[in-house]
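These are notes for a colleague who is opening this structure for the first time. Please read them with the sequence and the model side by side.

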Amino acid sequence: MILHRIVDYSHILMKQAVNKGDIAIDGTCGNGHDTLLLAELVGGGGHVYAFDIQSEAVRKTRDRLSAEKVLDQTTVIHDSHGKVEDYIPEKHKGNVQAAIFNLGYLPGSDKSVVTTPDETIASVTNVLSSLKKGGLVVLVVYHGHPGGSEEKDALLEYVTSLNQKEYHVLNYGFINQKRTPPFILAIEKH
């Protein structure tokens, strides 16, 4: 297939951006799939910081990483991605190669616990300031839930306002799908 499903494409982007020894962030670790991918990509010489506000997500992520023997290169943080600045050590600020966010809610859990525009934009702003040149931020935007439309609109306004001399922003999504299909916003720092 030439056109990729949204989650598959987000992983393709991460695989192109992240190398052994890099620093990466998973802003919404959820069930741990993206965190695991990043941990495998950075290897033992790199590090991944993963965030989630739900204890269930933190537990599932740690269990998944432990089972795959990549927990040592990962810090799983039970807090909002909006506080990313508080957790990234000075030595890694300005050296982050990539970050990924799956916005919305944790599949199979309480659908009232969702990412919010203010927290997400604060987090992306902080991550962009820690991103090195050539680094990439991928936002997988799920917006079919209550509050999702507001977050989508705020994010689109935010990324559209980024200086084109500093960032390239891609919007990837399927426009002929029913309901509210997710889409990707990818931000590359140059």
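Is R179 buried or exposed? The answer is in point 1, and the other points move on from there.

1. R179 counts as exposed, at 84% relative accessibility; buried means under 20% relative accessible area, exposed over 50%, and partly exposed in between, with a 1.4 Å probe and protein chains only. The model is predicted, with local features needing pLDDT of at least 70 and side-chain atom pairs counting only at pLDDT 80 or more, while totals for chains, interfaces and linings use all residues. Residues are numbered from 1 along each chain as its sequence is written, and side-chain values use heavy atoms, leaving out hydrogens and water.

2. R179 sits in the loop between strand 6 and strand 7. Helices (H or I, at least four residues) and strands (E, at least two) are DSSP runs, numbered from the N terminus. Most residues other than glycine have a negative phi. R179 is not a glycine, yet its phi is positive, at about 65°. K69 also has a positive phi, near 60°, and is a residue other than glycine. The loop between helix 3 and strand 3 (74–78) holds K69, which is exposed with a relative accessible area of 73%.

3. Strand 6 (residues 167–173) contains N171. This residue is partly exposed, at 49% relative accessibility. Leaving aside residues up to four places away in sequence, N171 touches L156, F183, I184 and L185, where contact means heavy atoms within 4.5 Å. N171 and I184 are 13 residues apart along the chain, and their C-alpha atoms are separated by 5.7 Å.

4. There are three aromatic pairs in the structure. Rings of Phe, Tyr and Trp (its six-membered ring) pair if their centres lie within 6.5 Å; planes under 30 degrees apart count as stacked, over 60 as edge-to-face and the rest as tilted. F51 and Y87 form an edge-to-face pair, because their ring planes stand at 70°, with the centres 5.7 Å apart. This pair links distant parts of the chain, 36 residues apart: F51 is in strand 2 (residues 47–52) and Y87 in helix 4 (residues 84–87). F51 is buried, with a relative accessible area of 0%, whereas Y87 is partly exposed at 33%.

5. Y172 and F174 also make an edge-to-face pair, since their planes are at 75°; the ring centres are 6.0 Å apart. Y172 is buried, with a relative accessible area of 16%. Ring pairs join Y9, Y172 and F174 into a cluster.

6. Y9 is one of the buried residues of helix 1, along with I6, S10, H11, L13, M14 and A17. What do the buried residues of helix 1 pack against? Their partners are helix 2, strand 4 (96–103), strand 5 (131–141), strand 6 and strand 7 (183–189). Helix 1 (residues 6–17) has 12 residues and reaches 17 Å from its first C-alpha to its last, close to the expected 16 Å, a span taken as 1.5 Å times one less than the number of residues.

7. Helix 2 (residues 33–42) packs on helix 3 (residues 55–67) at an angle of about 35°, with the axes 9 Å apart. Axes are lines fitted to C-alpha atoms, for helices over the stretch in contact, and angles run from 0 to 180 degrees between N-to-C directions. From helix 2, H33, T35, L36 and A39 meet T61, R64 and L65 of helix 3.
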